[in-house]
Amino acid sequence: MDEIAWGCAVFVGLATLLHFASALLATYRARRSHEAPALADAPSPSLPPISVLRPVRGLDPLDEITLRSSFTLDYAHYELILCCEDADDPVVPLIRRLMAEYDHVDAKLLIGRDVLCSNPKLNNLIKGWRDARHAWVVMADSNVLMPADYLQRLLAGWRADTGLLCAPPIGCMPKGFWAEVECAFLNTYQARWQYAADTVGLGFAQGKTMLWRRADLEQAGGIRALGAEIAEDAAATKVVRRTGKRVRLVDRAFGQPLGSRTASQIWSRQVRWAKLRRVTFPLFFVPELLSGSVAPLIAAGFAAYAFDLSIVGIVGGLGLAWYASEAMLARAAGWHIGPLSPLAWLARDAMLPVLWVQAWLGNSFSWRGNDMHLANAVPSN
């Protein structure tokens with residue numbers, strides 16, 4: 001009994017230390033972004049021309065906000081290429097209206113379907129990659145909100161050893177409790193771990209925003225190399241690491257407006273991402289079972305009982321400290337935090353062990369009407 005209790009106490013200490021360390025590393029990155037000299041101060045005409053590729057499919061309530069933002073960038077030389085598979089897609093009229101409204105922007109809509117791999121987003125982007133004219137290329141999902149200095153901030157994050165620069169999505173503009181839960185997943189959980197890993201030199205790609213130097217990707221096999229995995233960001237991570245370069249994250253990431261969400265939407269999205277992580281990076285996925293607060297709080301309760309301490313006091317104090325660190329990170333980074341955030345963090349952590357188990361059950365899921373099968377993916381070592 002004593003050995004088990006001491007084992008639980010050691011586990012709680014290590015898990016809490018790791019949690020605090022990840023929050024501090026992510027906070028450091030957030031604060032660094034405000035203290036570092038801004039590339040936005042450089043004259044825009046002196047910066048290199050960039051091609052911005054955005055795959056689109058379907059029409060979500062907040063698409064006009066995010067797609068409009070790509071027409072209002074404060075950058076002298078960029079082309080905007082929007083890629084859609086179907087001319088009858090409901091997003092096409094919106095894009096044509098935006099192109100007419102911002103006719104001074106070098107923008108075009110490419111329609112057509114290529115089949116390179118099992119990843120529909122990558123298939124949609126192929127035509128844009130072929131058409132892009134510039135040496136720097138950004139691939140950005142349609143639900144990413146681009147601030148006016150979006151491209152300047154990306155270029156500011158590039159270093160001599162960078163092979164790819166990415167930005168995790170930061171949930172913003174949530175409406176309702178389940179959108180708050182999605183913020184809890186995206187921000188102080190997923191982005192926290194991504195920034196912590198990147199800060200210690202273990203950065204990995206995030207497909208929401210990817211800045212490539214075209215020559216680097218072409219030398220590594222071109223856009224086809226990103227089809228080696230079912231998830232293009234997993235393939236991108238492995239492609240870049242094979243070249244001896246690093247995947248880096250921009251210091252200050254970009255918002256993803258959420259609007260309203262339902263429990264089923266959150267669940268299906270998180271299950272999909274968990275399955276992708278499980279099949280593309282299994283050794284990193286296995287310890288995710290212990291990454292939330294559930295296991296440490298249960299272990300703390302057992303240790304408190306075994307040592308005849310106050311279970312409520314120990315568990316309550318640990319939980320308060322655990323989530324206070326998330327609140328401080330959100331404040332420092334300027335990420336969303338509100339009255340429902342503590343409940344959302346609790347709901348997220350309660351879901352994490354179940355999501356982990358669900359990720360091992362079955363090899364298929366649906367994404368934007370596409371049935372995808374993990375068994376069809378060709379792993380890349």
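**Packed helices and an open sheet**

Guide: Helix H11 (residues 294-306) and helix H12 (residues 311-333) have axes that come within 8 Å and cross at roughly 150°. The model is predicted: local features need pLDDT of at least 70 and side-chain atom pairs 80 or more, while totals for chains, interfaces and linings use all residues. Residues are numbered from 1 along each chain as its sequence is written, and side-chain values use heavy atoms, leaving out hydrogens and water.

Visitor: What makes a stretch a helix or a strand, and how is an angle taken?

Guide: Helices are DSSP runs of H or I with at least four residues, and strands are runs of E with at least two, numbered from the N terminus. Axes are lines fitted to C-alpha atoms, for helices over the stretch in contact, and angles between N-to-C directions run from 0 to 180 degrees.

Visitor: Why are H11 and H12 called roughly antiparallel?

Guide: Angles under 35 degrees count as roughly parallel, over 145 as roughly antiparallel, 65 to 115 as roughly perpendicular and the rest as oblique. The axes of H11 and H12 cross at roughly 150°, and the pair is therefore roughly antiparallel.

Visitor: Why is H6 called roughly perpendicular to H13?

Guide: Helix H6 (residues 177-199) and helix H13 (residues 341-359) pack at about 75°, with axes 8 Å apart. That angle makes H6 roughly perpendicular to H13. The contact divides into 13 nonpolar, two polar and two charged residues. Here Ala, Val, Leu, Ile, Met, Phe, Trp, Tyr, Cys and Pro count as nonpolar, Asp, Glu, Lys and Arg as charged, and the others, Gly among them, as polar.

Visitor: What makes S3 and S8 edge strands?

Guide: The open sheet of seven strands has the order S3-S2-S1-S4-S7-S5-S8, with mixed pairing. Strand S3 (106-111) and strand S8 (246-249) each have a single partner strand, so one side of each lacks a neighbour in the sheet.

Visitor: How do you know that S2 and S3 pair?

Guide: Two strands pair if DSSP finds at least two bridges between them. Strand S2 (residues 78-84) is joined to S3 by six bridges, and the two run parallel. In one of these strands, S3, Asp106 is the bridge partner of Glu79.

Visitor: Why is Asp88 called exposed?

Guide: Buried means under 20% relative accessible area, exposed over 50%, and partly exposed in between (1.4 Å probe, protein chains only). Asp88 has 68%, and is therefore exposed. Asp88 lies in the loop between S2 and helix H3 (92-101).
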